[in-house]
Amino acid sequence: MPKPPGNRKKLKSGSVKSSTAKPKARGSSKGTARQNLSAGQLFERGQQALAFERYDAALECMRDALQLEPENTEFLDAHGALLAELGRVQEAVQELQKAVAVSPDSGFEKYMYLGQLLQGQEAVAATQKGVELLQQDVERSRQAGHASKGPSKQLAAALCSLAEMKMSQAEDMAVVAAEAERLLQQARSVDTSSPEPLQALASLRYEQGNSEEALQLLKQSMQLWFRQQGNSEDEDNDDDDDDDDDDARGDGTPEAEAAALE
């Protein structure tokens, strides 16, 4: 399903374009074929359609799956997320709120989407709940000894989003400054490689009238950003080198290995 990943970018209306193809008639062979599929099979077909950017087909399959299992939270989350990415805000909010009603204490993604789709304190409350669930995911991952950085990066981005949301809605920055700084410092500790917390802290310092510290924080964030770009390029080069090595060794079959030894 589309993931918000806790990032701070606002969803754009129609950020994913729906195809212009007309829906098939009810009596079509495709519609008849779908009637014989289970909810899980329909959902899988929807995911496959989504992978090929066939958004109308993905929506149809997800809706059919939900007709069979209307309280399946995985289906509700995915359907709501896709509607959000298609810019169908009202429908997305309704679907995501259904998912919240069915499973309020699991699945941070629906809350992060609602945080971007709703307004005012409703948006803050949704984002806050998403952050809480992400924190639980990160803690479970840590206790299980998993080394994946994915949840930590998502949490750091979500904390930045929450801090900036609080700052943007505050009538008096002094009232929310301490809370915003706490959230941003927590984001820094969760993901020390991310430039986002430093950028947000720079904005906070500027609003507080400390332009010199704001500039220093921006410089630090740029250093982290360039470091990330360098690491990304190194990984791409490593992948290219691996491909070259594979070509030199052959395709891994016994015949190719024998040919390489001759």
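Visitor: Which backbone oxygen does the side chain of K110 reach?
Guide: This is a predicted model. K110 has its place in helix α6, residues 108–117. At 2.3 Å, its side chain reaches the backbone oxygen of S106.

Visitor: How far from K110 is the nearest side chain of opposite charge?
Guide: K110 touches D77, L96, A99, V100 and S103, leaving aside residues up to four places away in sequence. K110 is buried and has no salt bridge. A salt bridge needs the nitrogen and the carboxyl oxygen within 4 Å.

Visitor: How many residues apart in sequence are the parts tied together by D105 and K129?
Guide: The side chains of D105 and K129 meet in a salt bridge, 3.0 Å from N to O. D105 lies in the loop between α5 and α6, and K129 lies in helix α7, so the parts that the pair ties together are apart in sequence by 24 residues.

Visitor: Is R142 buried or exposed?
Guide: R142 meets E139 in a salt bridge of 2.5 Å, N to O. The two are 3 residues apart in helix α7, about one helical turn. E139 is partly exposed at 31% relative accessibility. R142 has 56% relative accessibility and therefore counts as exposed.

Conventions
Residues numbered from 1 in each chain as written. Predicted model: local features only at pLDDT ≥ 70, side-chain atom pairs only at ≥ 80, totals over all residues. Heavy atoms only, no water. Helix = DSSP H or I, 4+ residues; strand = E, 2+ residues; numbered from the N terminus. Buried < 20%, exposed > 50% of the residue type's maximum accessible area, 1.4 Å probe, protein only. Lys, Arg positive; Asp, Glu negative; His and termini not counted. Polar contact = N/O pair within 3.5 Å; in protein donor to acceptor, adjacent residues only side chain to side chain. Contact = heavy atoms within 4.5 Å.
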